[in-house]
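Open the model in your viewer and keep the sequence panel beside it. The stops below are given in the order in which to select them.

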Amino acid sequence: MGHATETTNHSIPEVLKAIVSKEMNHALWLNTLSLLEHIGSRKILLTQSSEDTSEMILRHATEEARHALFFKKAARTIQPEFRSGYQNSSLVRGTAARIYFAKLDTLVRRNLKKVFTDERTFTYLAYLYTTTVIEKRAMVVYNAYDEILNQSGSPIRLTNLILEEEGHLSEMSAEMYRLDPNAEQRLALLEAEEAKIFARFWRQIGEFSLN
Ligand SMILES: [Fe+2]
Ligand SMILES: [Fe+2]
């Protein structure tokens with residue numbers, strides 16, 4: 001099975017359309033997005049809490065937490081009796097989602113460790129790169145998803161959420177370029193690596209969507 005074939009079979013809009021077409025699967029998908037936002041929010045607070053903690057950090061952590069709640073509520077809009085936790089049975093391939101996040105985190109840390117020996121700068125840049133790469137991916141998925149929601153006349157829309165993520169991306173980009181002279185190159189490299197990690201994750205979502 002070639003890589004190109006897999007990508008075609010599991011294209012982002014196609015998989016999302018299949019998921020949205022079944023209420024139960026759609027609720028599980030929304031809860032999975034909630035989990036990813038929650039992991040993001042928790043990670044920001046866990047790693048970026050120090051005397052340097054800025055308004056930007058507080059805003060990002062708060063907005064990711066709100067996004068987690070937004071998706072959780074949206075799952076309830078689709079299925080009012082939807083469970084409130086993050087059990088694997090309440091998620092679309094929950095383990096794969098967690099692995100995607102963890103692998104990306106490891107990739108970024110390994111790359112930065114070689115260059116940035118000052119712990120504070122390292123930790124801050126790890127946050128900036130991990131989040132930027134994830135949010136760039138999220139923009140692709142969220143925009144495709146929002147278009148499908150719009151076409152299907154869904155009461156759920158991602159307009160505000162997408163605006164907030166765009167705000168995060170531009171703020172983080174400014175910080176990356178300020179602190180890392182090789183920001184452009186490094187980001188390109190990390191995005192290329194992320195694409196491989198995402199392809200594995202998305203293949204699993206694609207398999208789920210056929211259920
Ligand atoms: Fe978010
Ligand atoms: Fe964000």
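Start with Arg59, which at 29% relative accessibility counts as partly exposed; buried means under 20% relative accessible area, exposed over 50%, and partly exposed in between (1.4 Å probe, protein chains only). This is a predicted model, in which local features need pLDDT of at least 70 and side-chain atom pairs count only at pLDDT 80 or more, while totals for chains, interfaces and linings use all residues. Residues are numbered from 1 along each chain as its sequence is written, chains are lettered from A and ligands numbered from 1 in the order in which they are written, and side-chain values use heavy atoms, with hydrogens and water left out.

A salt bridge here is a side-chain nitrogen of Lys or Arg within 4 Å of a carboxyl oxygen of Asp or Glu. Glu171 lies in helix α7 and Arg59 in helix α4 (residues 55-78), so the pair ties together parts 112 residues apart in sequence. Helices are DSSP runs (H or I, at least four residues), numbered from the N terminus. Glu171 is partly exposed, at 25% relative accessibility.

Next, select Arg93 and Glu207, whose side chains meet in a salt bridge (3.5 Å, N to O). Arg93 counts as partly exposed at 28% relative accessibility, and Glu207 does so with a relative accessible area of 39%.

Move to Arg137 and Glu194, a salt bridge with 2.8 Å from N to O. Arg137 belongs to helix α6 and Glu194 to helix α8, so this pair ties together parts that are 57 residues apart in sequence. Both Arg137 and Glu194 are buried. Then pick Lys43, Asp105 and Arg109, which are joined into one network by salt bridges that share partners. The whole structure has 14 salt bridges.

Finish at the metal site. Which residues are the protein donors of the iron ion (ligand 2)? Select Glu64 (OE), Glu135 (OE), Glu165 (OE) and His168 (ND1), which lie 1.8 to 2.1 Å from the ion. Donors are N, O and S atoms within 2.8 Å of the metal (3.2 Å for Na, K and Ca); water is not among the atoms, so sites may look incomplete. The four donor atoms subtend angles of 97 to 134°, which makes the arrangement tetrahedral, a term that requires all angles between four donors to lie between 85 and 135 degrees. Both Glu135 and His168 are buried. Last, show the iron ion (ligand 1): Glu64 bridges this ion and the iron ion (ligand 2), and the two lie 3.7 Å apart.

Terms used. Four donors count as tetrahedral if all angles lie between 85 and 135 degrees; four count as square planar and six as octahedral if opposite donors are over 155 degrees apart and all others between 65 and 115; anything else is irregular. Helices (H or I, at least four residues) and strands (E, at least two) are DSSP runs, numbered from the N terminus.
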